[in-house]
Amino acid sequence: MSLLEIKGLSKFFGGLHAVQNLEYTVESGKVHSIIGPNGAGKTTLFNIVTGVYPPSSGKAIFEAQDITGLPIHRLASLGLSRSFQNLQVFYNMTVMENVMVGRHRHCQKGFLQSLLHTPSITRSDEEARHQAAELLAWVGLEAYATAHANSLPYGALKRMEIARAMASEPKLLLLDEPAAGLNNKETQEIDELIRQISNRGVTVILVEHDMRLVMGVSDHILVMDHGQKLAEGSAEEIRENPNVIAAYLGSGA
Amino acid sequence: MKKPTVVSRYAGVFVLATVIAVLPLLLPNSFYFDVAINGGIAAIVCVGLNLLIGYAGQISLGHAGFFALGAYSSAILTDNYGWPPIASLSTGLFVVGLLAFVIARPILRLKGHYLAMATLGMGIIISIVLNQEVNLTGGPDGMPVSAFSVFGWEVNSELAWYWIVGGSLIVIVLLALNLIDSAVGRALRAVHGSEVAAQVAGIDSTRYKILIFVVSAVMAAYAGSLFAHYTGFLTPSEGGFFRSIEFVTMVVLGGMASVFGSVIGAAILTALPQFLTVFHDYEHVMFGLVMMLTMIFMPKGLLPSLRNWISKNSL
């Protein structure tokens, strides 16, 4: 069953064709990866799907609903979440609170109730805290729960972002270069987290440059080049695709 | 994990309430009461302003405008139209809330310097209107305001005002702390931390910015209304640019994103000019200096810096 369908999607920045007439289907429950050289349009595609900017033309259909051009904050309640290539951390909050923000859509948000801190707010907060604590334990950050986010090392913040994204209980999680800047051991941990996310029934789209990670975890790979689809298929198919080899290693003139 | 935040939240309020309860025993004469009451009124504005600046990360250089609108609403409705003060106060809060709501949407789309300029302009416009509408406000000459009364009980003693302002401050601090430690408060802080990440979490950042802008404006208007009845005389300078800057300086000195810091900042900067009357002509210079020195030597403000210092030295 397809969870996300990209239909005829294009994005132009002035004269630059960042994404051109892209067709792409994401199957529910699988780990999808998008790879390609720098500037291939991977992050642009991510940003369009997650509402950061609208496409020049084309559509994104999520669970049979057209989400093209919806404001970002509406997507969480539909079941879409993401992490960021360059960290987007709430540095003015604790690690625990960062993850609790991820649960925003499940929390009681009545203004008057919040002012008075009614029992319903206390209960909802308690539940959010409990869920956030579980997620922090899952990514191995339980010891840092009360620490300020700005005191954490880079690798830990990467995992905190994944915990925060998972806190909204998404159906589709988009991870934008989760292993960028990480060492081998940390990349191994991300690999393991992605497998566990998939085991929890969450569909994953991964943009990543670390080929070992991509080839290891992906059920399906989309290769982009110059904003267009170059190839798609399983890891084996991609590895042997002559177009992909040419794009990555040069066509040998 | 929950205990510490709740305990420290109510412990702080308890300390504040104790200070407010004990202070009258230490104040020798009505001059000191006057300083304390004015400090309390400024603190109410600053707690609200800090929700906007320190927590939600949006600047306002025009909040004295809302303060003055609250003050003049009370004055005009009570004195020109003979309304009961409590009805004038409530109407004033409603009108200011509505006005803030209407202004908020276009203004809060701006960021950084642009937002600062827009709020500055807003404050100046309010101040010009108060100066020009001579029939309503008395213009630059100001207007007298009758005493506050609730159901026939007239508030005219300094001590009664002290308790009204002190009680209001405690309640507002409590409400602010409750708000900060809720999903709404976390959403506000998240918008400050990373707007796009907040939106990804499902937070409608525009809605929350508008909400806190309105809340802080209403708090300023409430303080303004108390001020009008307490002092008994209003001039448009209460809504002027320098007044706005004073409020922001108090917030910055006390500490961004620190409710109790705002109370301390307001207390210090209300008291200081009163006890340094020699420098009266240089009052604005002093505020500027305080702002600069705070930015250079303790950008986090008094209370957060103190807290850091204590936790560092206790390890």
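Chain B of this predicted model contains 14 helices and four strands. Its radius of gyration is 19 Å, close to the 20 Å that the globule rule gives for 315 residues, so chain B is as compact as a globular protein of that length. Along the principal axes, the C-alpha trace of chain B spans about 55 × 45 × 40 Å. Of the 315 residues in this chain, 50% count as buried, and among the contacts in chain B with a separation of 6 or more, 78% are made by residues 24 or more positions apart.

Turning to chain A, the reader can find an open sheet of four strands, which are arranged in the order 2-1-4-5 with antiparallel pairing. Strand 2 (16–27) and strand 5 (65–66) of chain A are the edge strands, each of them pairing on one side only. Within the sheet, strand 1 (residues 2–13) and strand 4 (residues 57–62) of chain A pair in the antiparallel sense over five bridges, and Lys7(A) stands opposite Lys59(A), a residue in strand 4 of chain A. Helix 1 (residues 42–49) of chain A packs on this sheet, where it touches strand 1, strand 2 and strand 4 of chain A, and its direction makes about 65° with that of strand 2.

Where do the two chains meet? In total, 37 residues of chain A are in contact with 26 residues of chain B. On the side of chain A that touches chain B, the elements giving two or more residues are helix 2 (72–78), strand 6 (80–82), helix 3 (95–102), helix 4 (111–116) and helix 5 (119–138) of chain A. The largest share, five residues, comes from helix 5 of chain A, while the residues of this side divide into 16 nonpolar, 14 polar and seven charged.

Definitions and conventions
Residues are numbered from 1 along each chain as its sequence is written. Chains are lettered from A and ligands numbered from 1 in the order in which they are written. This is a predicted model: local features need pLDDT of at least 70, side-chain atom pairs count only at pLDDT 80 or more; totals for chains, interfaces and linings use all residues. Two residues are in contact if their C-beta atoms, placed from the backbone, lie within 7 Å. Ala, Val, Leu, Ile, Met, Phe, Trp, Tyr, Cys and Pro count as nonpolar, Asp, Glu, Lys and Arg as charged, and the others, Gly among them, as polar. Two strands pair if DSSP finds at least two bridges between them. Axes are lines fitted to C-alpha atoms, for helices over the stretch in contact, and angles run from 0 to 180 degrees between N-to-C directions. The radius of gyration is taken over C-alpha atoms; the globule rule is 2.2 Å times the number of residues to the power 0.38. A residue is buried if 20 or more other C-beta atoms lie within 10 Å of its own, exposed if 12 or fewer, and partly exposed in between; C-beta atoms are placed from the backbone.
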